[in-house]
Amino acid sequence: MKLPRNFYKPLAIGAPAPLRELPVRLERMIHFVPPHVEKMRAKVGELVAQVDVVLGNLEDAVPADAKLAARAGFIAMAKAHDFGATGLWTRVNALNSPWGLDDIVEVVAAVGPKLDVIMLPKVEGDWDIHYLDQLLAQLEAKHGVKKPILIHAILETAEGVDNVAAIATASPRMHGMSLGPADLAASRAMKTTRVGGGHPDYQVLADAAGDAPRARFQQDLWHYTIAKMVDACAAAGIKPFYGPFGDFSDAAACEAQFRNAFLMGCAGAWSLHPSQIAIAKRVFSPDPGEVAFARKILDAMPDGTGAVMIDGKMQDDATWKQAKGVVDLARLVAAKDPEMATRYGL
């Protein structure tokens, strides 16, 4: 275990000092771009204004014979655009793959100063984060990168979920975590081939009442794992995210899954298709009515102490904290979206 006084020291001579607090950024959706596809890269300029994070995907969904083209395409894409307040991320290949090391080394060398986050797949434990942490410090020092590149872990193995708390606290570079339901389902030997979302056979029955038909209620396959991830991230001061929803034809189910994750504490979700951008914006932006009520609480309790009654409901320091979180998120959304700023009255 690293001693507390050493936790925030750079891991290489000349590397930037680790951040003590995460940057305050709006990250409602992490939009995946396949950089080996030229026509998709050509749309990045338009996407920058539409999404909160643009991610160049180098891992799953990129064929083995296109891995090098994807890496080169991401570097070209990163160089070609000014991303401004929109985050620039990449998902590299797994550390045990033939491409992972070169992904990290070449991307940081070419566009390290523009890169905000490296998403690391199939994280099994804190040892994976320690390796990438040290490597990034060496590369930052070598290439003169002045801002620490953060790490985002994907939980997609049973071992990773079992070690989620250790992963969350492994490094001050930790930005957050995403649930990877498809690979996690395979790792657990779950009997589903869906990429996220529910399953019609995962259900409970209402109690029997004579011979009347018993009502059936579909349950959420991912509730336990999301809750465990949210707790680990909240305890560590990093951000939890829902991952992919693979059925692009079912917008209602996608919105339901995203909303469950939002209500449980997730900051955002992945958007794999342009149609999911609007869903993520809608779900992960607080409701104007909730914002208005939260502002009432803050106005009635300026210092967050005591207890007051508002619209027949008791409010105290706990609800004040909840209200502040809602209003703070609304201010971030309002700063990027003028229409929402008007609806929030901000």
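Reader: Which strands does helix 3 lie across, and at what angle does helix 3 run to strand 3?

Author: Helix 3 (residues 67-80) lies across strand 1 (29-33), strand 2 (53-57) and strand 3 (87-91). Its angle to strand 3 is about 175°. Angles go from 0 to 180 degrees between N-to-C directions, using axes fitted to C-alpha atoms, for helices over the stretch in contact. Contact means heavy atoms within 4.5 Å. The model is predicted: local features need pLDDT of at least 70, and side-chain atom pairs count only at pLDDT 80 or more, while totals for chains, interfaces and linings use all residues. Residues are numbered from 1 along each chain as its sequence is written, and side-chain values use heavy atoms, without hydrogens or water.

Reader: What makes a run of residues a helix or a strand?

Author: DSSP decides: a helix is a run of H or I with at least four residues, a strand a run of E with at least two, numbered from the N terminus.

Reader: In what order do the eight strands close into a barrel?

Author: The order is 1-2-3-4-5-6-9-10, with parallel pairing. From one strand to the next, the twist averages 25°.

Reader: How do you know that strand 4 and strand 5 pair?

Author: Count the bridges. Pairing takes at least two DSSP bridges. Strand 4 (residues 117-120) has four to strand 5, running parallel, so the two strands pair. Ile118 faces Ile151 of strand 5.

Reader: How many bridges join strand 5 to strand 6?

Author: Five, and the strands run parallel. Strand 6 covers residues 174-179. His152 has Gly176 as its bridge partner there.

Reader: Why is strand 5 called largely enclosed?

Author: Buried means under 20% relative accessible area, exposed over 50%, and partly exposed in between, with a 1.4 Å probe and protein chains only. Six of the six residues in strand 5 (residues 150-155) are buried, so the rest of the structure largely encloses it. In a regular strand, side chains alternate between the two faces of the sheet. Here Leu150, His152 and Ile154 are buried on one side, and Ile151, Ala153 and Leu155 on the other.

Reader: What makes the crossover from strand 9 to strand 10 right-handed?

Author: Point the strands away from you. If the path from the first strand over the helix to the second runs clockwise, the crossover is right-handed. Two bridges join strand 9 (residues 239-242) to strand 10 (residues 268-271). The chain crosses between them through helix 10, and this β-α-β crossover is right-handed. Strand 4, helix 5 (residues 126-143) and strand 5 also make a right-handed β-α-β unit.

Reader: How do helix 10 and helix 11 pack?

Author: Helix 10 (residues 251-264) and helix 11 (residues 275-283) pack at about 35°, with axes 10 Å apart. Residues in contact include Phe258 and Phe262 of helix 10 and Ile279 and Val283 of helix 11.

Reader: Why does Ala61 count as exposed?

Author: Its relative accessibility is 74%, so it counts as exposed. Ala61 sits in the loop between strand 2 and helix 3. Its phi is positive, about 80°, although it is not a glycine.

Reader: What makes Asp311 exposed?

Author: A relative accessible area of 55%. Asp311 lies in the loop between strand 11 (308-310) and strand 12 (313-315). It has a positive phi of about 55° and is not a glycine.
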